[in-house]
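I opened the notebook with the sequence and the coordinates side by side.

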Amino acid sequence: MMLQLFLLLAAALLAIGLYGALSQQSIVMIMMGLELMVNAVIVAGAAAWWFLAPHRPDGQVLVVVAITVMAVEMAMGFAVTTAIFRARDVDTTDAAADLRR
Amino acid sequence: MQLVVFVVCAVGAVAAGAAVFRVDSMARATFALLASFVFVAVDVLLLHLAYLGVLVILMMIMEMVVMAVFMIMYMMNPAGLMPMSMMHNRRGALAISAGTFVLLAAGILLVRWPARRGAPPAEPTRQLGEALMGSKMLVMMVLGLALFATMVATVVLAQHRGRYDRYGDELERRVPDDPIRGGVGR
Amino acid sequence: MVRQAPLWTALLAGAVLLALATIAAVGRGVAVARRAAGAGTPVAEVARLLAQQRRSTLAADRLLWRSGPAAVCVAAALAALVVPLGRWTAWDSPVGVVWFNAMEVVVWAGLWLVGWGANSVWGVVAGYRFLAQGLAYELPHMFALTTVALGAGSLRVGDVVAAQSGLWFVVWMPVAFVAYLVAALAMAFWGPFDAPAQADLAGGLGAELSGVDALLLRAGRYLMLTAAAAFAVPAFLGGGAGPLLPAWLWSLLKTVAVLGFLVWLRDRLPTVRMERYTELSWLVLLPATLVQALLVAIVVLLR
């Protein structure tokens with residue numbers, strides 16, 4: 001039963017992160033939503049490792065990948081924000097919708 | 001006992017995660033996200049992943065403190081002193097995320113999960129290290145490459161001065177002309 | 001061999017940390033008093049700050065402001081948990097080295113909160129200064145700790161001590177030891193790294209603090225310095241190893257020696273500006289610690 005509890009926690013975090021990523025306008029706030037979603041992956045990966053197959057390292061490696069993804073996501077996100085803010089004074093996604101047209 | 005700690009931390013993580021998008025102050029939002037990460041790290045520690053749990057705490061504190069700097073740099077209302085809404089399509093986002101949660105929860109509760117296979121290792125940290133330097137070497141190499149590419153890409157994107165600004169049009173300067181000079185005689 | 005002590009020793013670890021920090025503060029007070037007559041002793045200062053009324057500023061973020069100084073103290077106490085005293089340790093964590101590093105980073109968050117919460121320009125600038133300092137000192141510090149763990153083949157502090165039974169790490173990892181001491185000064189914004197609390201910012205982090213909060217911040221600074229000095233003993237100086245005297249006394253003596261050296265350094269070096277130190281740290285100290293780690297790795301492989 002504990003496995004389900006951990007996965008439910010992951011699902012809740014993922015849903016909150018998704019809500020934030022979809023509803024926020026500011027690029028920085030969207031990144032916080034994405035971080036929460038990766039956070040959910042960490043919980044799910046760790047729980048899957050411990051409750052399903054602790055004799056194999058796959059779950060742990062997945063958590064390491066998730067942590068790296070988080071670092072890469074944040075660094076790239078801020079670099080892109082800096083670049084677009086410098087070029088066009090833009091800090092919300094609605095003001096950077098060029099590709100939509 | 002473990003169940004109590006888990007439930008407290010799970011509720012804390014979800015509540016702090018929700019608070020991120022509720023509070024006005026950007027500093028508070030950042031530290032709410034940090035609180036959420038720390039609660040999650042405690043739950044990871046409950047799963048006997050001492051190294052990964054502490055690593056999450058270590059990394060997330062550094063990341064969130066750096067994030068706070070950018071938040072204040074790019075947000076119109078960093079301290080939340082003038083409440084304003086920076087949202088679009090709230091209803092749709094709420095519906096989609098609630099739907100996602102219901103779908104995932106249904107899957108979690110309805111699927112017949114397999115029984116646990118194998119015994120946990122005596123030292124999970126050693127298991128991880130040996131995997132990363134052995135059978136999962138490829139993962140480690142890809143992560144290293146990705147991190148390196150990220151470093152280069154972020155500097156290229158965020159920096160507005162190139163080598164011709166620093167070393168002159170003919171690249172003739174021996175010492176770069178930087179707005180802020182460093183400490184080793186440059 | 002280092003063993004896990006009963007749970008109540010966690011409180012003892014905190015008490016020992018506090019006592020050592022008090023010694024450092026008193027020593028510092030004596031050193032200052034010798035030059036400027038009439039400077040209050042730390043005890044009188046504590047009493048004054050406890051009785052002082054808290055200052056309030058306009059539109060301060062109370063919650064974050066108050067939690068900042070407390071976080072610094074708590075971080076130092078938690079970091080000290082994994083430091084063994086002779087043959088006992090309050091918490092024999094399998095990842096003690098990483099734990100110490102994580103708790104030291106909590107100071108970043110705490111100090112930034114102190115600076116931000118007061119809604120004062122001095123505080124915010126000081127908070128940013130400390131973050132720049134943190135980014136500068138952290139990588140050499142991490143590689144110094146990595147080198148220690150590499151030499152011992154374990155992240156458990158007890159194993160690190162056991163690995164030094166033949167030769168102390170300070171002997172064959174001198175660069176890592178120097179990088180560690182520099183980081184110890186920087187994490188307590190002490191000595192040449194006190195730019196975040198300098199007079200050119202009207203006191204910087206402490207500019208708007210008063211009463212209990214100011215006491216907590218100053219105490220936290222001493223506690224963090226003490227915790228860093230205490231961790232240097234099991235990491236580089238052989239833990240409780242030594243002739244004649246019992247192991248716990250050797251641990252204490254070595255800690256006091258390192259701590260005394262750090263306190264003594266404070267007035268011997270001028271404050272370093274962060275843009276200067278960052279380049280020095282990344283271009284000189286970081287490659288040096290990497291080479292040190294490489295050498296240690298080769299020795300470990302050949303052994």
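I began with the term I needed: helices (H or I, at least four residues) and strands (E, at least two) are DSSP runs, numbered from the N terminus. With that in hand, I read the elements of chain A from the N terminus on as α-α-α, which is three helices and zero strands.

Before going further I noted that this is a predicted model, in which local features need pLDDT of at least 70, side-chain atom pairs count only at pLDDT 80 or more, and totals for chains, interfaces and linings use all residues. Residues are numbered from 1 along each chain as its sequence is written, while chains are lettered from A and ligands numbered from 1 in the order in which they are written.

Entry on chain A. Along the principal axes, the C-alpha atoms of chain A fill a box of roughly 50 × 20 × 20 Å. I then counted contacts (two residues whose C-beta atoms, placed from the backbone, lie within 7 Å); of those in chain A with a separation of 6 or more, 52% are between residues 24 or more positions apart.

Entry on chain C. Here I found eleven helices and two strands, and the radius of gyration is 19 Å, close to the 19 Å that the globule rule gives for 303 residues, so chain C is as compact as a globular protein of that length. The C-alpha trace of chain C spans about 60 × 40 × 40 Å along its principal axes. Among its contacts between residues at least 6 apart in sequence, 81% join residues at least 24 apart.

Entry on two backbone angles. Phe189(C) is not a glycine, yet has a positive phi of about 35°, and sits in the loop between α8 (174-187) and α9 (211-236) of chain C. Is Phe189(C) buried or exposed? A residue is buried if 20 or more other C-beta atoms, placed from the backbone, lie within 10 Å of its own, exposed if 12 or fewer, and partly exposed in between; Phe189(C) has 24 and is therefore buried. Leu244(C), also not a glycine, has a positive phi of about 65° and lies in the loop between α9 and α10 (247-265) of chain C. Leu244(C) counts as exposed because it has 6 C-beta neighbours inside 10 Å.

Terms used. The radius of gyration is taken over C-alpha atoms; the globule rule is 2.2 Å times the number of residues to the power 0.38.
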